[in-house]
Amino acid sequence: MDEELRTLTERLRRESGGAALYERLTATGDHDELAGVLIASGQPLWARELAAFRLGLAGDRRAFEALVLLLNHRDPPRCASAAHALARLGDPRTARAAAALATNELRVAYALHPVRLLVELRAPESVPALITTLRRRLRPHDPYRRVALACVEGLGTLGDGRARPVLNDALAHPALAEAAVHALARIPRQR
């Protein structure tokens, strides 16, 4: 079993309180039944999350909207599960949605998982979104150091030369300096 799926099912089993619906959603192979949970009124959040996650892993694009909403949730485990499923969904809208969430200053407290997803996707939107997000995090006394660090590490992983200026700026921030040095070392030199 996929480690992320195991973690999700254990968490949602506790949330469901052992409801019969939980057992049915974990056992079914019927994608229409899972998709029905996403649009039916009155479904608990844990059921929607489980259905969206399973559909996402299966590549069923009906899960896209629910997974994007979960990616922007205030609960980090929900964000992590949504990011995992979105990375496997194969929907071309995913990178654009993750970039919009990562760069939304009103939701920056929840940007960590969208940033990590952008790195995993390696989409054309990834580097510009990470640069924008990191540049905003370089303000004095910014409280979102984890987001900034994820951007620095992600830009190093992506190895795109466009990130060099913002990574050089990150060197001046003690909490980011070491990661920025490593990230810069991963970017090929211009010839």
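Modeller: Quick term first: helices (H or I, at least four residues) and strands (E, at least two) are DSSP runs, numbered from the N terminus. This is a predicted model, where local features need pLDDT of at least 70, side-chain atom pairs count only at pLDDT 80 or more, and totals for chains, interfaces and linings use all residues. Residues are numbered from 1 along each chain as its sequence is written, and side-chain values use heavy atoms, with hydrogens and water left out.

Biologist: Which helices each supply at least two residues of the lining of the largest pocket?

Modeller: Those are α6 (76-89), α8 (112-121) and α10 (145-158). The largest share, three residues, comes from α8.

Biologist: What makes the pair of Tyr-22 and Trp-46 tilted?

Modeller: Rings of Phe, Tyr and Trp (its six-membered ring) pair if their centres lie within 6.5 Å; planes under 30 degrees apart count as stacked, over 60 as edge-to-face and the rest as tilted. Here the centres are 6.2 Å apart and the planes at 55°, so the pair is tilted. Tyr-22 sits in α2 (residues 20-27) and Trp-46 in α4 (residues 45-57), so the pair ties together parts that are 24 residues apart in sequence.

Biologist: Are Tyr-22 and Trp-46 buried or exposed?

Modeller: Both Tyr-22 and Trp-46 are buried, meaning under 20% relative accessible area, with exposed over 50% and partly exposed in between (1.4 Å probe, protein chains only).

Biologist: What lies over the face of Phe-64?

Modeller: Arg-93 does, at 4.0 Å from the ring centre. The rule asks for NZ of Lys or CZ of Arg within 6 Å of the ring centre and within 35 degrees of the ring normal.
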